[in-house]
Amino acid sequence: MIVIDNVGPSPPARIKRQFVKRIRWGFLLGLMVLIYGSHAPLITLTKVDGKVPFNPSSCVVMIELAKLLISLMTLVLTGGTSNLCAFPRLAFVAPYAVPAILYALNNNLVVLMQAYMDPSSFQVLSNLKIASTALLYSLCLGKRFRPAQWLGLGLLMFAGVFHSYSNLDLEEPDKGEAEEVERLHITAWGLFLVLVYCCVSGLAAVYTEGILKSQQLPLSLQNLYLYIFGVVINGLSSFSSAASDKGFLEGYSWVVWVIIAGQAANGLLMSVVLKHGSGITRLFVISCSMLVNALLSWSTLGLQLTALFPVPVAMIGLAAYLYYR
């Protein structure tokens, strides 16, 4: 009798490979949570006399430009320049303009909504984008969630709402301060704009994941297409806006450049998650970053954590267990 040995990977080798893969994903997601969570504290550190000294729209353009240059450099280093020898077909490139348009639309919606609600109300209601992303993920990409996963996503959304709401200052201001303190308010038009914002945010994430996974192209090349449109659209928006009297690079400090580097890295890491993972993982990263944001604000800016801070921590942990078990 002839015996043919099993030439596949041995169980120990397969276990080791899976362990290394989990370590890599854990490091990647942990780094993303740290970068997301440090964004707001870093913005606060740049303020001079309570105001941001630089042009925010120029910062967005610089972030997109950094991602574009890193994508091009990665493509060159990995020997993928052969994909650039021939002029790409419009059918391959045009779809990458959609995410840039959607994200630019959302950036303008955030500014527009300030006239119809206070920032605190927007912070609370913007957590609805978790629900919109999950629904669009199910409808557009055909993802079927188990009941426990729907429960986990719902819990994740309420954790964000609870964390935002618990940080609101609901005390009545003194009479002398009443005119200076912006009260909580939202109009019907503001509520409509929030819903549009959440739907556009979910659609942008779902569409980007769909296009990255549907085309069998190197990720660095796909990023190159994405950020070419990102630079063009955000550049046009920045240069056509007359809302700021600051120069393009005026007010930039080393902290601003750290913000640009961090957000550029986060954008590229997010494309890895969307290409090889799931957009739902992105929701968990953003939710966990709220907690990191609070801890960094407490440790570096002296802000006080509320007694209810452990509640959203436990809710997010339970949501992750329900979704990924």
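## Two packed helices

In this predicted model, helix α11 (residues 279–300) packs against helix α12 (residues 310–324) at an angle of about 165 degrees. Their axes lie 10 Å apart. Angles over 145 degrees count as roughly antiparallel, so α11 is roughly antiparallel to α12. The crossing of α11 past α12 is left-handed.

Which residues of α11 and α12 make the contact? From α11 come Ile280, Thr281, Phe284, Ser287, Cys288 and Leu291. From α12 come Pro312, Val313, Ile316, Ala319, Ala320, Tyr323 and Tyr324. Sorted by type, the residues of this contact are eleven nonpolar, two polar and no charged.

## The largest nonpolar core

Now look at the cores. The largest nonpolar core has 23 residues. Met32 and Leu212 have the most contacts inside it. Several helices build this core: α1 (11–46), α2 (56–77), α8 (188–214), α9 (219–240), α10 (254–276) and α11 each supply at least two residues. The largest share comes from α9, with seven residues.

Take Leu212 as a close-up. Leaving aside residues up to four places away in sequence, what does Leu212 touch? Its partners are Leu219, Gln222, Leu226, Ser271, Leu274 and Lys275.

## A second core

There is also a second, separate core. This one has 22 residues, including Ala134, Tyr137, Phe145 and Ile280.

Note on methods:
Residues numbered from 1 in each chain as written. Predicted model: local features only at pLDDT ≥ 70, side-chain atom pairs only at ≥ 80, totals over all residues. Heavy atoms only, no water. Axes fitted to C-alpha atoms, helices over the stretch in contact; angles between N-to-C directions. Helix = DSSP H or I, 4+ residues; strand = E, 2+ residues; numbered from the N terminus. Parallel < 35°, antiparallel > 145°, perpendicular 65-115°, else oblique. Left-handed = near helix turned anticlockwise from the far one by under 90°. Contact = heavy atoms within 4.5 Å. Nonpolar A, V, L, I, M, F, W, Y, C, P; charged D, E, K, R; others polar. Core = buried A, V, L, I, M, F, W, Y, C linked by side-chain atoms within 4.5 Å. Buried < 20%, exposed > 50% of the residue type's maximum accessible area, 1.4 Å probe, protein only.
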